[in-house]
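Please open the structure in a viewer and keep the selection panel at hand. The stops below are to be taken in order.

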Amino acid sequence: MELDERKAAILRAIVEEHVATAQPVGSQTVARSPGLNVSSATVRNEMTVLEQNGYIVQPHTSAGRIPTDLGYRYFVDNFTRQGALPVSQRRAVADFFTLFTSANQVLDDLLSETSQLLARVSSHTAVVVGPHTSTELVSVRSIQLVSLQPSLVLALAILSNGNVEKCVLHLAADVDDAVVASAGLVLDAQLSGARWTQLPDPGPTGNTRADTLAQQARDALAARGEHEAIDPLYVGGASRLASEQEAFTNATAARLLELLEHQVELVALVRELLAQGPTVSIGSENGLDDLRDCSIVVAPYRVDGEVAGTVGVLGPTRMDYRQALAAVQAISQQLGRVLS
């Protein structure tokens with residue numbers, strides 16, 4: 001139903017009070033809301049109508065009301081279009097991306113730290129979906145070998161899309177640092193510029209031990225390059241789900257954490273939600289049963305005008321939607337600017 005101005009104002013007051021206090025909201029509290037100027041009796045009558053039409057619900061007898069998914073949806077659609085981060089948070093976001101630009105960090109580090117930043121700014125668990133790049137177009141920028149132990153070597157491949165692929169080699173015999181350095185130089189010289197999915201075998205150098213290690217490292221990295229690329233997912237502030245446990249009616253923090261580990265499933269969900277601008281999916285609107293007590297706020301970030309990935313927050317339906325929308329909008333814009 002269409003809500004008249006008074007009912008809309010009462011619903012807005014209920015949502016804002018419940019988000020702030022996590023408690024059912026009574027008519028007297030609503031009547032004291034700034035600018036409402038109506039009696040408690042009038043508020044009670046209007047709350048009855050709102051309840052009959054599914055915008056609010058009474059959790060138990062003699063309690064106040066709390067918003068339903070429909071109530072939150074009306075609030076998001078009508079009262080969250082205007083909003084920006086507080087000045088201090090806007091400055092923190094700007095300083096963060098300025099630092100990363102000057103430090104010239106690799107893409108993996110940037111997206112991981114961005115998810116942590118969004119979690120801090122929004123006070124909810126944050127997700128960042130990295131750009132999808134066909135592995136057929138990715139080449140090797142450099143390769144490094146690092147000795148961890150005499151029989152343990154870390155192989156690193158820095159790729160043209162900014163990703164860093166790594167694997168640990170368990171050697172049958174110990175090798176010294178000189179052999180590791182020699183094998184690393186061979187790989188970097190001979191494989192730099194090669195297609196990530198078509199790594200050539202390194203040519204012989206005359207140093208048998210270095211050649212053997214170089215070939216083993218090449219084979220291990222090539223095996224990683226054979227896997228079909230999926231959009232990488234970075235999760236920040238996952239522990240916040242545990243602190244919000246009481247806000248979920250049926251879902252458990254453990255089940256939600258398990259969902260976050262299923263990257264393909266969550267990335268597919270975010271992709272379904274993504275439109276041309278910020279999107280909010282509330283409770284029962286979510287396709288996954290485990291998210292029926294949750295809301296997801298997502299926004300795309302663009303690189304050179306094209307949608308490259310997504311930033312978003314995941315939390316209970318009782319979230320501060322203005323703050324969440326402002327956070328994902330600010331960070332998606334800054335991230336797209338930096339990557340462009």
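**First stop: a serine and its contacts**

Select Ser27 together with Ser40, Val43, Arg44 and Met47, which Ser27 touches when residues up to four places away in sequence are not counted; contact means heavy atoms within 4.5 Å. The model is a predicted one, in which local features need pLDDT of at least 70 and side-chain atom pairs count only at pLDDT 80 or more, while totals for chains, interfaces and linings use all residues. Residues are numbered from 1 along each chain as its sequence is written, and side-chain values use heavy atoms, with hydrogens and water left out.

Ser27 belongs to helix α2 (residues 27–31); helices (H or I, at least four residues) and strands (E, at least two) are DSSP runs, numbered from the N terminus. Ser27 counts as buried because its relative accessibility is 12%, where buried means under 20% relative accessible area, exposed over 50% and partly exposed in between (1.4 Å probe, protein chains only).

**Second stop: the sheet and its helices**

Next, select β4, β5 and β6, an open sheet of three strands in the order β4-β5-β6 with antiparallel pairing; two strands pair if DSSP finds at least two bridges between them. Strands β4 (140–149) and β6 (164–170) are at the edges with a single partner strand each, so one side of each has no neighbour in the sheet. On average, neighbouring strands here are turned by 20 degrees against each other, direction ignored. Axes are lines fitted to C-alpha atoms, for helices over the stretch in contact, and angles run from 0 to 180 degrees between N-to-C directions.

Strand β5 (residues 152–159) is joined to β6 by seven bridges. Which residue of β6 is the bridge partner of Leu156? The partner is Lys166.

Helix α7 (residues 177–191) lies across β4 and β5 and runs at about 170 degrees to β4.

Move to Leu269, in helix α11 (residues 263–273). At 6% relative accessibility, Leu269 counts as buried. Apart from neighbours within four places in sequence, Leu269 is in contact with Gly287, Leu288, Leu291 and Ile296. For a distance check, pick the C-alpha atoms of Leu269 and Ser284: they are 14 Å apart in space, and the two residues are 15 apart in sequence.
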